[in-house]
Every structure is written in C-alpha cells, then in structure tokens.
Amino acid sequence: MGYIDEGDFWAQDKDSNPFVMVLKNRYELCEDLKYVISVPDLCDVTFLVGPEKIPVYGIRAILATRSRLMYQMILRSRNQTNTVVKERSTLKKGIQSVKKVLVRKKSIPQKEKPHTQSVTIEIKDFDVSVFERLMRYIHCGVVSVDARTVIGMINAARMFEFPDLHTACWEFAMECLRSDTLPLLIEGATQYSQFKETRKLMQRVLSYLGESPDVIQCCLEIQNLIPLRSDEYMC
C-alpha cells in the first residue's frame with residue numbers, strides 16, 4: 001500500500017483526486033498463477049518437453065503476449081491442428097447430414113458452447129527442470145535458478161527473448177565460478193553444448209581455471225566433467 005506519484009499508472013487522469021490509495025498484492029497473484037499452470041484443465045497450451053515428452057502447461061494469452069517466439073509457435077501448432085480438424089469436420093458434417101435425414105428432431109437444438117482449442121507443442125532443446133522454470137517466469141515473473149539449471153535458463157532466455165532474465169542468469173553464472181558450485185555449473189552446461197551462450201560461458205570457465213589452477217587440485221571431479229582443451233569451445 002502506498003501513495004502514488006506522477007509516473008504511476010493510476011495517476012494518468014489529471015482530473016482525478018491526487019490523494020489516492022493503491023493496494024499492490026502481487027504475491028497472491030503470483031501464487032494463483034503458479035497453481036493455474038499446474039492444473040492441465042485450466043491451461044490451453046501443452047508443451048511436451050525433452051526426449052520423454054513430459055507435459056508442461058501454459059496459458060496461451062500470457063505466452064503469446066510475453067514472447068514473440070512463443071506466439072509464433074502457438075500459431076504454427078494451431079494452424080497444423082486446424083488442417084487436421086478441417087478434414088475431420090468435413091467427414092463429420094457428411095455423417096450428420098445423413099442422420100438428419102433419418103431422424104427428425106422436433107426439439108430445438110441447443111447452441112454449442114464456444115470451445116477454445118488446446119495447442120500441443122513439442123520442445124526438444126530443453127530439459128523439463130529448465131522449461132518448468134521458464135514457464136514460471138513467463139507466467140509469474142518469478143523464478144528460482146541454481147548452478148545446475150542456470151546455463152539452460154541463459155539459453156532459454158536468449159531463445160525466447162527475455163533480456164532481463166538472461167542478464168540476471170548470466171550474472172549469477174559468473175558468481176558460480178568458484179570451487180563449490182563450478183562442478184554443478186559444468187554438469188548443467190554439458191546438456192546445452194549446442195548453444196552459442198554455452199560456448200561463451202565455457203570460455204569463461206576455462207579462463208577462470210587457467211587463472212585458478214588450485215581449483216582443479218581441490219575439485220578433482222571437475223577433470224571428469226570438462227575437456228581441458230580450450231579449442232573445443234572457441235568455435
């Protein structure tokens with residue numbers, strides 16, 4: 001709760017009373033949206049994520065508004081679905097016309113309720129732990145990222161055009177360049193070696209290891225996780 005200033009949305013009407021109370025309760029809204037995207041019946045977009053095609057759910061209006069790529073993916077999937085539905089509906093109409101000839105209903109038929117068609121999109125480039133976090137950020141504006149998932153989030157933020165998320169995750173990744181979190185960071189990076197952002201991060205890791213050779217001495221498991229030939233990440 002607080003008093004508004006000249007730049008506040010609610011102060012745009014100059015004729016209104018400038019002494020106004022504004023209540024902001026974003027926490028409950030965030031919690032409600034987190035619940036909504038966990039219930040399939042309340043969502044109209046299903047993402048099948050990873051090789052196991054694990055379902056992750058979203059709300060079309062929010063996804064399309066927040067990300068241009070998401071909007072394009074939804075349109076593409078809807079157009080493909082509409083083509084199949086159109087072919088099926090032609091056959092269905094033919095069957096229905098035959099039924100109408102055979103059976104004359106005296107009662108007035110009820111109007112069909114408008115139906116929002118669900119969309120299914122396959123996501124192959126990200127694992128479910130990263131994509132669920134991306135969905136939470138898109139819908140709620142809040143996300144929790146750890147050393148293992150940060151590189152996946154960096155690449156997802158770049159792909160789906162969330163610059164603030166990308167910057168925050170990149171800064172956090174730089175903070176993970178230390179002996180206790182570096183093994184987790186590298187482990188997460190191995191899943192996304194095909195992305196440019198991963199190669200950039202691994203160059204930073206190799207530079208850090210070159211400046212801090214004692215880290216490898218203290219963390220022998222790093223030797224099993226990272227190829228120490230820097231030319232592999234210079235392309």
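Cys43 is buried, with a relative accessible area of 11%; buried means under 20% relative accessible area, with a 1.4 Å probe and protein chains only. Cys140 is also buried, at a relative accessible area of 16%. The closest cysteine sulfur to that of Cys140 belongs to Cys30 and lies 4.1 Å away, which is too far for a bond. A disulfide is a pair of cysteine sulfur atoms within 2.5 Å, and by this rule the count is zero.

The model is predicted: local features need pLDDT of at least 70 and side-chain atom pairs count only at pLDDT 80 or more, whereas totals for chains, interfaces and linings use all residues. Residues are numbered from 1 along each chain as its sequence is written, and side-chain values use heavy atoms, leaving out hydrogens and water.

His139 sits in helix 4, residues 128–140, helices being DSSP runs of H or I with at least four residues, numbered from the N terminus. His139 is buried, with a relative accessible area of 5%. Polar atoms of the His139 side chain lie 2.8 Å from the backbone oxygen of Met135 and 3.0 Å from the backbone nitrogen of Ile59. Leaving aside residues up to four places away in sequence, His139 touches Leu33, Ile37, Gly58, Ile59, Ile62 and Leu63, a contact meaning heavy atoms within 4.5 Å.

Across the protein chain there are ten helices and five strands, a strand being a DSSP run of E with at least two residues. Of the 235 residues in the chain, 35% are buried. Among contacts with a separation of 6 or more, 60% join residues 24 or more positions apart.

Definitions and conventions
Buried means under 20% relative accessible area, exposed over 50%, partly exposed in between (1.4 Å probe, protein chains only). A polar contact is a pair of N or O atoms within 3.5 Å; within protein, one must be able to donate a hydrogen and the other to accept it, and residues adjacent in sequence count only if both atoms are side-chain atoms.
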